[in-house]
Amino acid sequence: NSALVAENCQLTIKEGVEGYSSSNSNLFVQGTIKVEGTVGNPVIFQGDRLQYSYRERPGQWRGIHLLTESKDNEIKYAIIKNATIGIRVDSLPVTVNPNLRISHTEIRNMSNYGIVGLTAHIEASNCLIHGCGFQNFAGFFGGNYDLRHNTFYGLPSEFNSHIEPVISINNFQTDGNVIVRTWDVEYILVNNIFWGTLENEITFAFAANRPPLPSAFNNNVIKVEKPEDFPSNNIINKDPRVKNPLERDFSLQSSSPAIDAGQAGIGVLLDFNEKSRDATPDIGAFEF
């Protein structure tokens, strides 16, 4: 069965803890969750089938679900793997803080989404999300999304077909082809890699009568069908040249166009592995 962190309760998970969930189970959070792994000893969330054939199989459990009342959640240095949705975040925050702050975390092998926010406020930095059947990151029905120095990589695997862009953000709901409701949306997307095997790895869809609030989209490596739709201060349709995505090595090759191409001074001083970023930081979660 599932577990629940009740409203006004906090669950703190320390470094090295391993959480195993059975089929169709969730970790529901109505209160607050604080995950406090370390670079050498992350917290691991996965299914409870430990046979070799299940080690990288998606859909073994449902995932982490932050409910509407949930607040002030923080996840640092974690591995979340083999679920349906890595993290689902419901509704706008009930405090001044984001629903979720997440950093130095790998999310992989989701049968659906890596992270999905539904009119949510999410801050993510130094995250690696890959191997998802749907979007690696989705912000639906508006919200506020702040993504800095992340690597979102989409490619098919033995169990998943990569059929959706690695990132999608929209701010409306439709009934058929008619927009029936809209929401405010804003985003900061800086120094990220949005790459994969599709021709287009980004989908933005905003209601004409409710465009995004002032937002930032720059110094990313992106793969898109229509480059003219995106600011020219991004690296467009140039392979980021990660070392070996099939072996889950998403660090940069020496020939990567992402090296020294990031925006400096955005407050992310260390990379995924706690390596210091220099004065000309590299794009993505890994500093060369």
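Contact here means that heavy atoms lie within 4.5 Å. By this rule, and leaving aside neighbours within four places in sequence, isoleucine 102 is in contact with Ile75, Ile87, Ile107, Ile115, Glu123, Ala124, Ser125 and Cys127. The model is a predicted one, in which local features need pLDDT of at least 70, side-chain atom pairs count only at pLDDT 80 or more, and totals for chains, interfaces and linings use all residues. Residues are numbered from 1 along each chain as its sequence is written, and side-chain values use heavy atoms, with hydrogens and water left out.

A nonpolar core is a set of buried Ala, Val, Leu, Ile, Met, Phe, Trp, Tyr and Cys residues joined through side-chain atoms within 4.5 Å; buried means under 20% relative accessible area, exposed over 50%, and partly exposed in between, with a 1.4 Å probe and protein chains only. The largest such core has 44 residues, of which Phe45, Ile87, Ile102 and Ile167 touch the most other members. Its largest share, four residues, comes from strand β11 (residues 115-125); strands are DSSP runs of E, at least two residues long, numbered from the N terminus. Another core, of 15 residues, lies apart from it and includes Ile235, Val242, Ala258 and Ile283. In soluble globular proteins, nonpolar side chains tend to be buried together.

Glycine 284, in the segment after β25 (249-252), is buried at a relative accessible area of 0%. Beyond its neighbours within four places in sequence, glycine 284 has contacts that include His149, Asn150, Asn191 and Arg277.

Turning to the aromatic rings, those of Phe, Tyr and Trp (its six-membered ring) pair if their centres lie within 6.5 Å, and count as stacked with planes under 30 degrees apart, edge-to-face over 60 and tilted for the rest. The count comes to 15 aromatic pairs. Tyrosine 113 and phenylalanine 134 form an edge-to-face pair, because their planes stand at 70 degrees, with ring centres 5.4 Å apart. Tyrosine 113 is buried at 17%, whereas phenylalanine 134 is partly exposed at 26%. Tyrosine 187 and phenylalanine 206 instead make a stacked pair, 6.1 Å centre to centre with 15 degrees between the planes. Both residues belong to one aromatic cluster, along with Phe137, Tyr145, Phe152, Phe194, Phe204, Phe217 and Phe230.

Charges meet rings as well, a charge sitting over a ring if NZ of Lys or CZ of Arg is within 6 Å of the ring centre and within 35 degrees of the ring normal. Arginine 55 has its charged end over the ring of tyrosine 52, 3.8 Å from the centre.
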